[in-house]
Amino acid sequence: MNSSGNGRMILNTYVVAVMVFLLLPIVIIVPLAFSSDASMAFPPSGFSLKWFEAALSRPEFLDAFYLSTRLAVVTTAISLSIGGLAAYALVRFRFRGRALCEALFLSPLIIPTVVIAIALTMILGQMGLLRNFWGLVIAHTIMTLPYAVRVLAASLSEIDRDVEEAALVLGATPARMLFHVLLPLLRPGILAASIFALIISFDEFTVTLFVAGPGYYTLPIEIFNYVEFYSDPTIAAISTLLVALSCVAIAIIERIVGIRNVFK
Amino acid sequence: MSARHAKNALVAAANPVSRPNTRRQLLIAGLLSPALALGIAVALTFLLMAYVSVQEQFPGPASFALEHYLAFFSDSYLMEAAWRTIALGAVTTIICAVLGYPVAWYLVMLPSRYAYMVFIIILTPLLVSIVVRTIGWTVILGNEGLINAALTWLGIVEEPVPLMQSFWSVVAGMVHVLLPFMVLSISAVLSRMDKDAIEAALTLGATPRTAFRLIILPLSIHGVATGSVIVFCLTVGSYLTPLWLGRGSVPVMALTVRQQVLDLGDWPGGAVQALILAVGALGLIGLFSMAVARMARR
């Protein structure tokens with residue numbers, strides 16, 4: 001009994017250590033954002049808000065934030081529509097080639113990201129869509145689609161098919177069934193998939209680095225470019241703002257669907 | 001059951017002429033076509049890449065040449081980068097599995113007031129931009145960073161110790177980014193496990209160690225395998241972490257492929273590297289999955 005108590009304590013300590021390991025690199029940035037020093041030296045010697053001012057008055061960051069947001073919203077809308085239709089077919093029907101389709105939709109998850117990036121650069125270049133908003137939308141849709149299909153399929157498979165048929169039998173048109181029965185029932189899944197797609201698109205780095213260009217830099221790329229040339233705490237300030245944004249996202253997910261359900 | 005039959009009868013009555021099969025097929029095709037179009041586009045892209053890889057130059061007039069493959073295999077810098085990529089993927093995967101298993105165990109097997117909070121904290125890094133997380137590591141490991149500040153303050157070192165620019169600083173960053181995926185995969189399998197089987201083994205006199213080795217590990221190996229595949233693929237395909245935490249001294253294929261394409265403008269050479277990376281990663285995963293399947297059967 002005593003030894004199992006000890007084991008429990010060791011495990012608790014271990015889990016705390018892992019949490020520190022996971023949180024430290026994120027939390028460490030926050031004090032530096034309020035530093036009065038000219039470099040990201042640790043520990044900061046004084047308090048100042050000037051780096052937030054510097055970050056928020058840099059037009060490149062604001063433009064990039066605007067582009068990232070627009071891109072994430074458009075990508076999410078397309079990815080969820082396409083993914084929703086595909087998920088419906090995968091969950092509700094048994095047909096030949098179903099496993100192959102599923103593997104194809106999930107394949108961007110196991111192909112090394114940099115390979116997808118090179119491949120897309122090649123084909124978008126051929127199509128004249130490099131350094132172009134719609135080229136970025138295509139790239140981001142490919143990267144978010146696996147998550148949209150997975151989350152929506154999981155959510156759909158928990159809804160009894162009988163509910164749909166009952167509505168149809170009772171005289172609802174398919175469109176009415178879709179908008180008044182199926183979509184309302186799917187709402188938690190749609191929300192979870194949207195948040196997933198929004199975050200993945202907003203944070204996407206590798207593929208975007210290859211296919212984006214001057215005038216079409218998303219926020220992660222703009223931050224990357226800045227870090228390549230400067231090392232002042234402006235970067236800590238903008239990172240802190242992004243971490244705050246992530247915290248808001250976590251709170252929203254937790255409130256609406258529960259984090260656990262999103263990652264099931 | 002009978003209610004279901006009754007309902008089916010109702011459906012049949014409502015649709016006196018049962019829907020022809022072709023309409024069903026058209027519906028399925030229609031639902032799948034947008035996603036399929038994207039999927040096929042990606043597949044075609046790989047064909048284009050294979051085509052480019054055997055061209056003498058690209059863009060340019062078509063001319064078959066295997067020289068870019070020969071160049072890759074005879075270039076010691078690129079071959080080293082290839083081996084380093086595999087090593088980075090393997091080391092990151094193993095560390096994630098070893099670090100992540102006890103955490104998944106804690107989350108699933110031990111009911112605790114804090115489990116849910118721990119769960120959220122484990123997942124938090126996934127929702128924070130990878131650029132931000134990597135900057136965080138440079139703040140910890142840099143010459144003016146947290147560890148060097150602490151070491152200097154404690155008087156252990158006089159001059160900052162270079163902690164970045166090494167294979168292991170890249171591993172630290174990769175493990176940090178990918179550990180949540182491993183924990184999720186393992187805890188998903190552990191939570192489906194039949195706790196009665198473990199209980200029975202312990203009641204019948206098995207030591208906890210034996211129960212773990214003979215029952216729990218074989219049953220949870222699939223979770224470890226799924227997590228390993230995800231972690232390995234994401235590691236060998238990642239660009240930012242090796243670039244920033246390696247500072248040029250840890251060239252992996254993700255970095256060399258970009259150099260080849262953007263700095264040297266050598267598309268066929270880049271296509272060769274990208275294809276070798278993709279085929280190599282998928283091949284290793286295939287071998288690994290076969291080994292796991294064999295292990296689970298035993």
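**Terms and their grounds**

Mentor: For chain B, an unreviewed UniProt entry lists "transmembrane region" at residues 26-52, 85-108, 114-132, 168-190, 211-240 and 271-293. The model before us is predicted.

Trainee: What makes residues 168-190 of chain B count as helix or strand?
Mentor: Helices are DSSP runs of at least four residues. Over residues 168-190 of chain B the assignment is 100% helix and 0% strand, with 30 Å between the end C-alpha atoms. For residues 211-240 of chain B, the figures are 90% helix and 0% strand, and the end C-alpha atoms lie 42 Å apart.

Trainee: Which residues of chain B does UniProt give for the feature "domain: ABC transmembrane type-1"?
Mentor: The unreviewed entry places that feature at residues 82-288 of chain B. This stretch is 77% helix and 0% strand, and its end C-alpha atoms are 18 Å apart.

Trainee: Why is B:Ser129 called buried?
Mentor: The term requires 20 or more other C-beta atoms within 10 Å of the residue's own. B:Ser129 has 23 C-beta neighbours inside 10 Å, and therefore counts as buried.

Trainee: Which residues does B:Ser129 contact, leaving aside its neighbours within four places in sequence?
Mentor: They are A:Asp203, A:Pro220 and A:Leu242. To be in contact, two residues must have their C-beta atoms within 7 Å. As for B:Thr93, B:Ser129 is 36 residues from it in sequence, and their C-alpha atoms are 21 Å apart.

Trainee: How many residues of chain A and of chain B are in contact across the two chains?
Mentor: By the same cut-off of 7 Å between C-beta atoms, 68 residues of chain A are in contact with 65 residues of chain B. Helix α1 (residues 2-27) of chain A gives the most to the side of chain A that touches chain B, namely eleven residues. That side of chain A comprises 56 nonpolar, eight polar and four charged residues.

Trainee: What is the secondary structure of chain A?
Mentor: Chain A has 13 helices and zero strands. Its C-alpha atoms fill a box of roughly 70 × 70 × 35 Å along the principal axes.

Trainee: How much of chain A counts as buried?
Mentor: Of its 264 residues, 41% count as buried.

Notes: Residues numbered from 1 in each chain as written. Chains lettered and ligands numbered in written order. Predicted model: local features only at pLDDT ≥ 70, side-chain atom pairs only at ≥ 80, totals over all residues. Helix = DSSP H or I, 4+ residues; strand = E, 2+ residues; numbered from the N terminus. Nonpolar A, V, L, I, M, F, W, Y, C, P; charged D, E, K, R; others polar. Buried ≥ 20, exposed ≤ 12 C-beta atoms within 10 Å, placed from the backbone. UniProt positions renumbered as here; feature names shortened; annotations may be inferred.
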